[in-house]
Amino acid sequence: MAIAVVNRRIEVTVNGKAHVDEVEPRTLLIQYLREKLDLTGSHVGCDTSNCGACTVLLDGVSVKSCTVLAVQADECAVTTIEGLADGDTFHPVQQGFVEKHGLQCGYCTPGMIMAAVSLLDENPHPTEQEIREGIEGNLCRCTGYKNIVDAIQWAAENS
Amino acid sequence: MIPASFEYVRAESVDHAVSLLQEHGEEAKLLAGGHSLLPLMKLRLAQPGVLIDIGRLGDLANIRDDGDMVSIGALTHHAQIEHSPLLRQECPVVSHTAGQVGDLQVRHRGTIGGSVAHGDSASDLPTVLLAVDAVMVAHGPEGTREIPASDFFTGFWETALTDVELLTTIKVPKLPNAGWSYQKFNRRAQDWAIVGAVAVKNGTTRVGLTNMGSIPLRATAVEAALQAGASLSDAAAVAAEGTNAPADVNGSAAYREHLARVLVRRALEEAGS
Ligand SMILES: Cc1cc2nc3c(=O)[nH]c(=O)nc-3n(C[C@H](O)[C@H](O)[C@H](O)COP(=O)(O)OP(=O)(O)OC[C@H]3O[C@@H](n4cnc5c(N)ncnc54)[C@H](O)[C@@H]3O)c2cc1C
Ligand code: FES
Ligand code: FES
């Protein structure tokens, strides 16, 4: 089957900065962020929409960027872990991970933090159970869930 | 993993989407949230030549009061359905079940239309839509037609939609006083149902099963037993009758049949049947 692949122009605001790029339609958002914009904070874990390591905010809500096409983010705002801090001041969720030692190897951490930001945005004062359910789409191979939950709880109490 | 190359076009309206479907024929696939289609494309299990992105048809991303029914636009995300005050009031079994789909990120992207049109019997919402007698509204070159949920799911990943039709709306009846329950069984929190069971009691009781055959099923034997005055546990005991459970890494057919009986009993109890 011969396919006329036409690159598509996209305009995406990433961490507050406008980008205009030509991408192949099959480019995944995670690939665009990491390979084109060199924002390597968002990770690829499973590449099959299961682990959440690639979680970013798309127009303010958490999505798995390995399951979103870059062309689907056209004219949207994306926030990655790199865009979360306010200058030298960590976002409360980032600070929570520092306070409660919410990471071991750190591989899942950027996705975990972005998922938690979206969760707290929708539910600013979650119970422990709601936090556990809220991050069900994020896997931590080091299985340090206890401290991750504590970190999110800390952020809820300190923001 | 990156999908094979495809041409990307964005639909500007429902009619535009239909004309694009007509233009590109079998090669084309509609793209809504992409949370069923893109994983398949990454694995090369689907390789459409043209993707028609309907994700920006904002008119189809809302929930409206429609007399005896609530109309849910096909592009409405699971998270919107889960939190909709109107649905929570008028048809809580639907909003609750939307909250059981995947995880938070999946519910932010996945749409009810995609869930229904994909025709996967392991999906949660189709079973519930079958049990409440929802109506699917499709738009094609000849106009609009309504398809009852009972006629919509026709086979494994197959539905009554033609190649040139778009699902635009899912209408669910208002059932504010009905007893209801959706029981989803899985091993890990975010997973698909190994088996799911829904019960809706509004006068008579409707019972549905997720992942017990190639399409979402009504547990007609259970419904008939209840009509005939059987106890809840006696009725639940026939839950696997007429099913054709799949066997996979999550469980054998016999195990799924056992789960169906247990989950139907729990659903009947919770729905107050
Ligand atoms: C990690 C993960 C976990 C999940 N867990 C669950 C779960 O537990 N339970 C569950 O039910 N689902 C689950 N899903 C699937 C999820 O609900 C999907 O959102 C849904 O199945 C498809 O919706 P979509 O908008 O993403 O559709 P898409 O992937 O965009 O489309 C799916 C199919 O439907 C067609 N289509 C889409 N919209 C229309 C329309 N309006 N008219 C006609 N055809 C259309 C497309 O052409 C395609 O063939 C999961 C998905 C992922 C990635
Ligand atoms: S890399 Fe996207 S969910 Fe795992
Ligand atoms: S800290 Fe290692 S994967 Fe989570």
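Between which chains does ligand 1 lie? I looked this up and found ligand 1 between chains A and B. I note that this is a predicted model, in which local features need pLDDT of at least 70 and side-chain atom pairs count only at pLDDT 80 or more, while totals for chains, interfaces and linings use all residues. Residues are numbered from 1 along each chain as its sequence is written, chains are lettered from A and ligands numbered from 1 in written order, and side-chain values use heavy atoms, with hydrogens and water left out.

**Ligand shell.** I listed 31 residues around ligand 1 (a heavy atom within 4 Å), and B:Leu30, B:Gly34, B:His35, B:Ser36 and B:Thr111 come nearest. I then checked polar contacts (N or O atoms within 3.5 Å): an oxygen atom of ligand 1 lies 2.7 Å from a backbone N or O atom of B:Gly34, and an oxygen atom of the ligand lies 2.6 Å from a polar side-chain atom of B:Thr111. A nitrogen atom of ligand 1 is 2.8 Å from a side-chain N or O atom of B:Asp124. Taken alone, ligand 1 exposes 970 Å² (Shrake-Rupley method, 1.4 Å probe), and the protein buries 96% of that.

**Chain interface.** I counted 35 residues from chain B and 38 residues from chain A in the contact (heavy atoms within 4.5 Å). For this interface the rule finds five salt bridges (a side-chain nitrogen of Lys or Arg within 4 Å of a carboxyl oxygen of Asp or Glu), and I looked up the one that joins B:Arg107 and A:Glu136 at 3.6 Å, N to O.

How values were computed: Polar contact = N/O pair within 3.5 Å; in protein donor to acceptor, adjacent residues only side chain to side chain.
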